[in-house]
Every structure is written in C-alpha cells, then in structure tokens.
Amino acid sequence: MRATSPNSLWGNHRFVVLECYIDESESKGANDPTVCVAGYMGQGKTWRRFARDWNKALDRAPKRVDMFHATDYEGQRKSKDGNFYGWTIPQRARFMTDLINLVKGYKLKEFGVAIHRSTYKQVMTGNRGHVHGDLTLVAAKLAIYNISAWAMYREWKYAPSFFIESGSKYYER
C-alpha cells in the first residue's frame, strides 16, 4: 500500500480496507436474503498500530486464534479443531469484550451497505449485472461511494484510497 500512496507517505493518508470473507453470506432459507459489506476507515499509521494490537489480543486468547471469524465465534462451526471449541462462557465473553474495546479505542470511521437480493434483481436487469457485477461487488461499490461522499463532506485534502481483493489463490473466475 505504501507504493500507491501520494509521495509514498502511506502512514499519513487514509485508506479504506474492505476485507470480505464470504462463505454462505446469504441465508438460503430466507424469503429475501441480504448481502452486507461493512468496514472501517482510518489513516495508514492507525491501521499499523491497530493490526499490532489486534494480533496481541488474539495472542492473549485462552486457545490459539490465528484469525477471528464471527461465524466460528458464534458457534456455527463446532468442530474440535475450531478456534472457540471448548471455551467457557466467561472466556468467550472476556475475549469478545477485549476485541470490542480495542476497536472502540481507535479513531476509525465505520461504514456499511446491505442490499436485498430482490432489490438487486429488480435493478440489475438486462446487461446491468454484467456491467456492474454480482450482488457482493455492487454492495462493495456502494460502500466506496458512501465513504467517498463522507470524505468529500469532511473536505479531506486527499481522496481515500481503496483496495478490493477479489479472493485468494483459491479464487477462480
């Protein structure tokens, strides 16, 4: 990210990081499922400190937590290999409180967009879906527009930079 920042002053500029870990993000049984893209925005130097403190919070967990997934935490994946398998209720509550307090302690701007599948289908008729992307990509684009409008309202000297990762090495088009 440093190379893409004006004058390579990465730590002094604001970035929006949209990290989407999407696995069954829509309820198949719902009449009108919804996709949500949400995130936080902050300066590069803030993200660097936040990442350090977030990793320390994960290291303090009662059992090894390499990466926090809310689905795992809420018990949707109950395998013995899951990060939160066997944790007591007080351990889970203390861990979540620590993470929430960590996020609240940083000056990050929150944002998010949710779109009902039925709304997407009504609007994305004809060639629009091909031009603008699937429901998740449209939600990500709307989140970018919303945070850009907020930055303009705040009269930022530089526009925020955006990075959208379309997947990992396992992602195929």
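F84 is buried, since its relative accessible area is 5%, where buried means under 20% relative accessible area, exposed means over 50% and partly exposed lies in between, using a 1.4 Å probe and protein chains only. The model is a predicted one, in which local features need pLDDT of at least 70 and side-chain atom pairs count only at pLDDT 80 or more, while totals for chains, interfaces and linings use all residues. Residues are numbered from 1 along each chain as its sequence is written, and side-chain values use heavy atoms, with hydrogens and water left out.

F84 sits in the loop between α2 (70-73) and α3; helices (H or I, at least four residues) and strands (E, at least two) are DSSP runs, numbered from the N terminus. Leaving aside neighbours within four places in sequence, F84 is in contact (heavy atoms within 4.5 Å) with V65, F68, H69, D72, Y73, R92 and F95.

The protein has 6 helices and 4 strands, which follow one another along the sequence in the pattern β-β-α-α-α-β-α-α-α-β. Of its 173 residues, 31% count as buried, and among contacts between residues at least 6 apart in sequence, 64% join residues at least 24 apart.

Helix α1 (residues 44-59) packs with helix α3 (residues 89-104) at an angle of about 170°, their axes lying 10 Å apart; axes are lines fitted to C-alpha atoms, for helices over the stretch in contact, and angles run from 0 to 180 degrees between N-to-C directions. That angle makes α1 roughly antiparallel to α3, a term that applies to angles over 145 degrees. On the α1 side the contact is made by F50, D53, W54, A57 and L58, and on the α3 side by F95, L99, L102 and V103. By class, this contact has 8 nonpolar, no polar and 1 charged residues, where Ala, Val, Leu, Ile, Met, Phe, Trp, Tyr, Cys and Pro count as nonpolar, Asp, Glu, Lys and Arg as charged, and the others, Gly among them, as polar.

Among the buried residues of α1 are G44, T46, W47 and F50. T46 counts as buried because its relative accessibility is 9%, and T46 touches Y106 and L108, not counting residues up to four places away in sequence.

The largest nonpolar core has 16 residues, and those with the most contacts inside it are I115 and Y120; such a core is a set of buried Ala, Val, Leu, Ile, Met, Phe, Trp, Tyr and Cys residues joined through side-chain atoms within 4.5 Å. The elements giving two or more residues to this core are β2 (34-43), β3 (109-116) and α6 (135-153), and α6 gives the most, with 7 residues. Y120 itself touches I115, G129, G133, D134, L135 and V138, not counting residues up to four places away in sequence. A second, separate core of 15 residues includes W47, W87, L102 and L108.

Helix α6 has 19 residues and reaches 27 Å from its first C-alpha to its last, close to the 27 Å expected at 1.5 Å a residue, the expected span being 1.5 Å times one less than the number of residues. Its buried residues include L135, V138, I144 and I147. After α6 comes E155, whose phi is positive, near 55°.

Definitions and conventions:
Angles under 35 degrees count as roughly parallel, over 145 as roughly antiparallel, 65 to 115 as roughly perpendicular and the rest as oblique.
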